[in-house]
Amino acid sequence: MSDTSAPPGSILSERVETTRTVLNRPARRAFSSLAALVAAAAALTAATGPAHARSFDTGARYVALGASYAAGPGLTPVLDEGCLQSSSNYPGQLAEALGLSLVDVTCSGATTANVLHEPQRLPSGPVMPPQIGAVTADTELVTITIGGNDLGLIGGMIARSCGPGLVGALPVVAFLASEVCTSVLGDSGDPTAADFARVRQPIAEVVRAVQSKAPNATVLLVEYLPVLDRDGAACAKVPLSQPDAQSARRTYDRLIAETRAAASETGVATVAIPNADDHNACAATPWTYGFNSPLDSDAPDVGLVATIASSYHPTAAGMSAVADQLVRTIGK
């Protein structure tokens, strides 16, 4: 079954995993060259250093905003089944470690619009209000992980993995799973340069909205964990074609670059997890799942759709790695 170990030397307790996740929206179309991506990322390197350490009193109000990479689908205990939010996500672990009063409105499937102004209708029926409403004048810390769903990053990877990932399954199972992926996720394409420019602006708008409502708060943009290594190398656990794997890594890299650009524009810091590339889904000690086929012995045993949907999201070890880095960055 699923690996539930926390990373060696973790300062937080070991978390046990089940699986739930959400299906992100599909990506759009082809985008600009890798050379442009590398140049953009290099230009932003100086703007992504750690935030200045700040001590928070016990019980200080901490608001967590974001989507599934913050909510923690697949982790237990589950606090909100509709949003697939777990108390062992990185906000929960951070709040526990620093003695903060957590208001966690992260929700799987959320886009920047769902944080800013658009209610989020969940597949189960409930409608979640815009997350920004949780930020109040007395909020002292806000973490934000958002933008992946705007680009269909994870949903696109799942959609492209369904066919090759289920080759070994019974034909009827593979067919049904592929039909589910296609119908829910669509036929994804690569985001364009314009798509990335459009995601940078709303990420910056999220930060500015937080700063307006809580001018004294520390605001941190927490980066997504990588599923693939820097070369976009596919493997048995990531059954993408090599071009699709490289495209997914380019999309990830560009999302990180645009997040850092938004941070630079708004005067806040991003938090990257050291050595995360060494713990991609193909690594010996992964911090994200690969593609989860229902027939895999180590896949979450939660049914066809939910098992496939748990793919490419942080494991318990990954969430602990993020929380540990935030504790080190913030201090107490």
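Start by selecting helix H3 (residues 90-98) and helix H11 (residues 316-330): they pack at an angle of about 40°, with their axes 8 Å apart. Helices here are DSSP runs of H or I with at least four residues, numbered from the N terminus. Axes are lines fitted to C-alpha atoms over the stretch in contact, and angles run from 0 to 180 degrees between N-to-C directions. That angle makes H3 oblique to H11, since under 35 degrees counts as roughly parallel, over 145 as roughly antiparallel, 65 to 115 as roughly perpendicular and the rest as oblique.

Before you go on, note that this is a predicted model, where local features need pLDDT of at least 70, side-chain atom pairs count only at pLDDT 80 or more, and totals for chains, interfaces and linings use all residues. Residues are numbered from 1 along each chain as its sequence is written, and side-chain values use heavy atoms, leaving out hydrogens and water.

Back to the pair: H3 passes H11 in a right-handed crossing (the near helix is turned clockwise from the far one by less than a right angle). Now show the side chains in contact (heavy atoms within 4.5 Å). On H3, pick Tyr90, Gln93, Leu94, Ala97 and Leu98; on H11, pick Met319, Ser320, Val322, Ala323, Leu326, Val327 and Ile330. This contact has 10 nonpolar, two polar and no charged residues (Ala, Val, Leu, Ile, Met, Phe, Trp, Tyr, Cys and Pro are nonpolar; Asp, Glu, Lys and Arg charged; the others, Gly among them, polar).

Next, select helix H6 (153-165) and helix H9 (242-266), which each supply at least two residues of the lining of the second largest cavity.
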